Amino acid sequence: MNFELDEDQQMLRDSVRRYLEKAYGFEQRREIAARGGLDREQWTQFAEMGWLAVGLPESVGGYGGFNESALVLEEFGRALVLEPYLSCAVHAGQLLLNSGAGDVEALLAPLISGEQLYGVAHTEPQARGRPLWVQTRATRSAQGYVLDGTKTLVPGGDAADRFLVSARVSGDAEDTQGIALFLVDRDTPGLGLRPYALVDGSRAADLSFDGMTVPVDALLGSESGAGEVLEQAGALATIGCCAQMLGAIDVALWITRDYLNTRKQFGVAIGSFQALQHRMADMYIALEQARSMVYRGLAAAESGDRAALLAAASSSKAQLGRSAQFVGAQSIQLHGGIGVTEEYSIGHYFKHLLVLESLQGSSAYHLGRIAQSLRAA
Amino acid sequence: MNFDLSEEQTLLRDAIDKLVLKEYSFEQRRKHSRGRGGWSREVWAQLAEQGFLGLPFDEASGGLGYGPVESMLVMEAVGRGLMLEPYLDCVLLAGGVLRAAATSQQLEAWVPPIVSGEQLVVLACGEKQSRYRLDDVATTATAQGEGYRLKGSKIALRHGEAADRFLVSARTSGSRTARDGISLFLVDAGSDGLRQRSYRTQDGLRAIDLMFDEVLVPESHVVGTIGEAASALERGAQSAIAALAAEAVGCMQAMLDLTVDYLKQRKQFGGPISRFQALQHQAAEMLVEVEQARSMAMLAALVLDDDDAAERERTLSAVKALIGRSGRFVAERAVQLHGGIGVTEEAAVGHYFKRLTMIDLQFGDSDFHLSKLAAGGGLIGRAERA
Amino acid sequence: MNFRPDPDDALFRDEVRAFLREALPAEVAARNRRGFHPSKEDELWWTQVLYRKGWSAPHWPVEHGGTGWSPQRRFIFEEECFLAGAPPTCAAGFSLLGPVLYSYGSEAQKRQFLEPTRRGEIFWGQLFSEPNAGSDLASLKTAAVRDGDDYIVNGQKTWTTEGHYADWLFCLVRTDSAVKPQRGISFLIIDAKAPGVSIRPIVSIDGAHSLNETFLDDVRVPVANRIGEENQGWSYAKLLLEHERAFSAEVPRNKRLLSQLKSIAAQTRDGDARLIDEPMFSSRIAELEVELQALEWLTLRALADMDHGADARRPTGSVLKIRGSELIQKTGALIVEALGGYGLVDYPEHGFETLPGPEEAPGKTADFLYRRATTIYGGANEIQRNIIAKGFLGL
């Protein structure tokens, strides 16, 4: 077992970090957020650096594996990147790759090049983390399929060109069978889009399908076999989310440490107060636990064992949520008043972690899932 | 609403404090624990003499007619002194069930020997399958001639070995978990067909399992009305929870005091460890928990007199949930802050730890009560709008 | 010891509720219950409504317009108003400045400021903290130098809540640098419109403007605006911080949040069931309810202490502040969690109606974000633990 990065991985990490340090400093990020949170030019830059290809097989123009995706995600978390890389690159890429669609390479090429932004429209309001909760219906018609339903919290939904939409052809809300995956153009008649900002400055949207007709060739893969693909890709996206959270937790901790060493009250640096020192020690423990669980998730992804992957996604997300809540909250607390200002960066780390905690299922959801699997055993 | 002690209450509290001071130093406690059954009959006799055993019983049956607040004051002292005697089990729990179920003639006959200290009565209601549910009664009572035949078994009766009589819940009708059909019987310890198996518990006391093999109980020893004992059992359990809350507060306060003293006198790294801020803050957190627990013990005493049974149940679940959690927190912190000696048999702090752990487990632990509260729709349902 | 509530207090509660039903329009109440910051307009309007009833400064001495209520009735009144959705009144004026003024102010100062404050004609801003004087407030550096009948004040203050609403400011200044810090502080009243005073917004992480920083550049303040003796200001400030101990737990806010949590959880679907019926989630709500009960009873004990002037050494304020602030945060966090994806949406204070999500959502996450400050303001919880440990436990 080797937890060190190999040379290629180090190069990848360093190049992402260097780029973001230059182009995505905190003030630059503020401007990006003010401009709408998804800079298409920035996205194209990501493409040119090859990062949209990371984690996809070479045969379709990709580079590296899921470990490399996690590396990029961690860096993005460190820099609080607003662009929806996790969803529109990693998650969308995995879905397309495994969808069983005919010409996967043709579908992935515009994703990799950044020409097309794919939004993942899968989550529904009642799902609350359940990977297979789909009530959006798809009914066969003469022209293709008619879709009815609602999707929520689609990252990058306001800017996406095309959506990967999960809809149920048959079965009940949580059945694995009966789910289909469609590729839907943004301007399809009957597609309602309600975009909004999230509290961390990123963007998302709710989608509604009101008797929306999509052609037959919008269907990716089989009419009822998308369930397993969604589960698998969802688990990877969950672990990817953990990697992104890890990056943010790590930076928040060290920013706080630096603050404690510089801020003076009562004639001394407040970092000399033992109660605060011990708090930081507890935060460090939470960070280490988080890092460990990211590795565990990556190992499960590598193993090829599907059941292990699904279980690990829950364990990792549960731990990352706990660590994030603790480190995020204490980071603000240890900063005192400035921790709750918009001006200072630490509050933004808190808000980003808040958003990531809810994406791909909250830690409470995943704990419940683990509990459920214990009962079933 | 008045949080100051009345004169009478002050006298009562001073009396029990004095007794604890005189009879229950940690060394004396160790001696008492080596006595028969793990407690002191001498102390029990003193409790009787000073009227404590008659505290909650009404004057007609030989008691002092005091209420939950007074019981709370006594139990806090019991907790502080880590007293081993069956005050809660006999006077408050069995006594509470009796007061709720028995007829006045029965009380006049059965209570005086308890008050005088002559007889120990212990409640026998828990069974192997029942966990914390009072309505889950598999032990049966079948009518026979001028009495009843009891068959079944009860487990984990604290102080059961020393009991002269048992207050037994047995089913006269209904399915195993039905609320209706539970009856109460007063059974003498030496009865034919009654067998005991005794063992030591974690906190050094002795408990028993009781086996009923066709034990005959005369009609006169049916407590109250046949088939209607459920609410009396609830009342008893509620009194016990309120008592445990007060006892826990006493233990917690004692642990806090011990810890603060320890921090001040223990020297490491060139001075008393009380100067380390991390430890100061932990002690502060302990105090906060003690104050919360104390508040809940008071709430418990108040709600015992509430006529609304559902309100009583809910509130006491809340009390027990908090006491369990706060008690364990303070106990763990105290042991931790005592360093190595915290886990020795010699130091008092470890014994408080054990008692607080046991308190959490008695009558439902925190998780049990939180789930119960949640399933019941919660506590605070007041509409937000005026 | 007797724990039964006074039956007359129940009647008083009914009286307050009846008043609120009549005097507080549903629309104002709904607006103030959301979680966004209250507007100056709402605050002053409500102050005037209360004034006409004689209830705008209930805790002031009767001779200055107070009601003479017991601490328990004050608590009941505050709770009912808050739960009904009444806007707050100017806390800085009523709870901070007012008591210092009527305790230590000159007759002229009392005449000039007390009644107009009570009438809702003056809005106050508090100038205490500085960028380098937060927890260590006594180390403040804003200086007031004597010049004839005036002080010339220079310095920078921060964390002034609603400073941008203020007509007048009260300020702790250094009038003597040669002595122990606490001994060289004075208490000044400053006109917010005075030349040299600039109040600038501090945007908080909820994206809202409630806090401010204030720059004082050669501000001329008449000596007549100093409250009490020179260099005695710290003791006056300490007094008012101790005054409100029993209310430190913010029980009304906690009750409102818990009630909103339950309402949201009852209306949110979790799979095909209600979120509030999901055992793990409802257990977590139960845990918060239990804590709130304990907090309420801690407060009742503290109120009784106020009434009887009992053991002032007990660190009641610190205990209440620590647990009350933490409970606000935990309940707020569970509300955000209950809202699911819609707990992440950045609802603007105006115009949220056009965005998707449940009716109760707008304002909740904003409030949750702002309340990260509860464990920091009013004496950070770390300081409160110091007070308990060193001040009371003697460690």
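Which bounds does the domain assignment of chain A give for domain 1, domain 2 and domain 3? The assignment runs 7–116 for domain 1, 119–224 for domain 2 and 228–376 for domain 3. Such bounds come from an automatic or database domain assignment.

This is a predicted model: local features need pLDDT of at least 70, side-chain atom pairs count only at pLDDT 80 or more, and totals for chains, interfaces and linings use all residues. Residues are numbered from 1 along each chain as its sequence is written, while chains are lettered from A and ligands numbered from 1 in the order in which they are written.

**View 1. Domain 2 of chain A against domain 3 of chain A.** The C-alpha centres of these two domains are 30 Å apart. Contact joins 14 residues of domain 2 to 14 residues of domain 3 (contact: C-beta atoms, placed from the backbone, within 7 Å). The domain 2 side holds six nonpolar, six polar and two charged residues. Here Ala, Val, Leu, Ile, Met, Phe, Trp, Tyr, Cys and Pro count as nonpolar, Asp, Glu, Lys and Arg as charged, and the others, Gly among them, as polar.

**View 2. Chain B as a whole.** Eleven helices and ten strands make up its secondary structure (DSSP runs numbered from the N terminus: helices H or I, at least four residues; strands E, at least two). The C-alpha atoms fill a box of roughly 80 × 60 × 40 Å along the principal axes. For 386 residues, a compact globule would have a radius of gyration near 21 Å, and chain B agrees at 21 Å. That radius is taken over C-alpha atoms, and the globule rule is 2.2 Å times the number of residues to the power 0.38. Of the 386 residues, 52% count as buried. Buried means 20 or more other C-beta atoms within 10 Å of a residue's own; exposed means 12 or fewer, and partly exposed lies in between, with C-beta atoms placed from the backbone. Among contacts with a separation of 6 or more, 74% link residues 24 or more positions apart.

**View 3. Domain 1 of chain B against domain 3 of chain B.** The assignment for chain B gives domain 1 (7–119), domain 2 (122–228) and domain 3 (231–375). The C-alpha centres of domains 1 and 3 lie 22 Å apart. In contact are 20 residues of domain 1 and 25 residues of domain 3. On the domain 1 side, α4 (68–81) and α5 (87–101) each supply at least two residues. The largest share, ten residues, comes from α4(B). By class, this side has 14 nonpolar, four polar and two charged residues.

**View 4. Chain B against chain C.** Here 40 residues of chain B are in contact with 45 residues of chain C. On the chain B side, α7, α8 (277–303), α9 (309–337) and α11 (366–375) each give at least two residues. α8(B) provides the largest share, 15 residues. The classes are 24 nonpolar, ten polar and six charged.

**View 5. The largest nonpolar core.** A nonpolar core is a set of buried Ala, Val, Leu, Ile, Met, Phe, Trp, Tyr and Cys residues joined through C-beta atoms within 7 Å. This one has 308 residues; among those touching the most other members are A:Phe182, A:Ile249, B:Leu167 and B:Met296. Helix α7 (residues 230–265) of chain B contributes the largest share, 20 residues. Beyond its neighbours within four places in sequence, B:Met296 is in contact with residues including B:Ala245, B:Val319, C:Gln293 and C:Trp297. A second, separate core of 43 residues includes C:Trp60, C:Cys90, C:Phe113 and C:Tyr236.

Definitions and conventions
Two residues are in contact if their C-beta atoms, placed from the backbone, lie within 7 Å.
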